Amino acid sequence: MTGETDLQNLISHMRPMLDPEPYVFCTFATKSLVELAEYEPIGLFSETEGMTAILPLERARELGLAEAEWFRRITLTVHSSLEAVGLTAAVSKALAENGIPANVVAAFFHDHVFVPEERAEDALNALRTLAETQ
């Protein structure tokens with residue numbers, strides 16, 4: 001499966017799905033991938049300054065990190081190719097027009113947009129509107 005590359009098809013067929021679980025972006029200067037695995041991150045990224053982990057809220061609480069901002073994940077349930085051009089820009093623009101910050105993570109099958117928890121429903125509605133207008 002190679003995924004869709006046509007921007008119009010991607011947008012018109014995406015069905016944004018809101019994950020009920022809150023997540024916390026955390027950073028660790030000294031923990032390894034193996035050490036972080038026990039906290040069941042849904043995403044890890046290695047940066048020069050340390051390891052970034054996207055942790056479920058309950059796991060962040062175990063580490064004393066639940067006071068950080070909470071995010072909700074919206075999955076764009078369309079199989080987007082890693083070579084698709086413009087989807088991130090279109091999604092970011094729709095959210096920016098509504099004053100909603102977004103952190104986009106592209107995985108193999110889908111794109112995932114993390115938005116502040118208090119704006120999750122607004123973001124979901126903005127993305128549904130985007131899909132309907134294509």
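## Aromatic pairs

Four aromatic pairs are counted, where rings of Phe, Tyr and Trp (its six-membered ring) pair if their centres lie within 6.5 Å, planes under 30 degrees apart counting as stacked, over 60 as edge-to-face and the rest as tilted. The ring centres of Y23 and F114 are 6.1 Å apart and the planes stand at 90 degrees, so this pair is edge-to-face. Y23 belongs to strand 1 (residues 16-28) and F114 to strand 6, so the contact ties together parts that are 91 residues apart in sequence. Strands (E, at least two residues) are DSSP runs, numbered from the N terminus.

F25 and F114 also pair: their ring centres lie 5.4 Å apart with the planes at 90 degrees, so this pair too is edge-to-face. Here the link is again between distant parts of the chain, with F25 in strand 1 and F114 in strand 6, 89 residues apart.

## Basis of the model

This is a predicted model, in which local features need pLDDT of at least 70 and side-chain atom pairs count only at pLDDT 80 or more, while totals for chains, interfaces and linings use all residues. Residues are numbered from 1 along each chain as its sequence is written, and side-chain values use heavy atoms, with hydrogens and water left out.

## Cluster and burial

Y23, F25, F71 and F114 make up one aromatic cluster. Y23 and F114 are both buried, and F114 has a relative accessibility of 2%. F25, with a relative accessible area of 28%, is partly exposed. Buried means under 20% relative accessible area, exposed over 50%, and partly exposed in between (1.4 Å probe, protein chains only).

Strand 1 runs antiparallel to strand 4 (residues 70-76), and six bridges join them. Strand 1 is also joined by six bridges to strand 3 (residues 50-56), again antiparallel. Two strands pair if DSSP finds at least two bridges between them.

Y23 has a partner on each of these strands: F71 is its bridge partner in strand 4, and P56 stands opposite Y23 in strand 3.

## Nonpolar surface patch

L82, F108 and F109 form a nonpolar surface patch with about 320 Å² of accessible area together. Patches are made of residues with over 30% relative accessible area and no salt bridge, like charges being joined within 9 Å and nonpolar side chains (Val, Leu, Ile, Met, Phe, Trp, Tyr) within 5 Å. A salt bridge is a side-chain nitrogen of Lys or Arg within 4 Å of a carboxyl oxygen of Asp or Glu. Accessible areas come from the Shrake-Rupley method with a 1.4 Å probe; for residues, only the protein chains shown count as cover.

F108 sits in the loop between strand 5 (103-106) and strand 6 (111-116). F108 counts as partly exposed, at 48% relative accessibility.

Definitions and conventions: Helix = DSSP H or I, 4+ residues; strand = E, 2+ residues; numbered from the N terminus.
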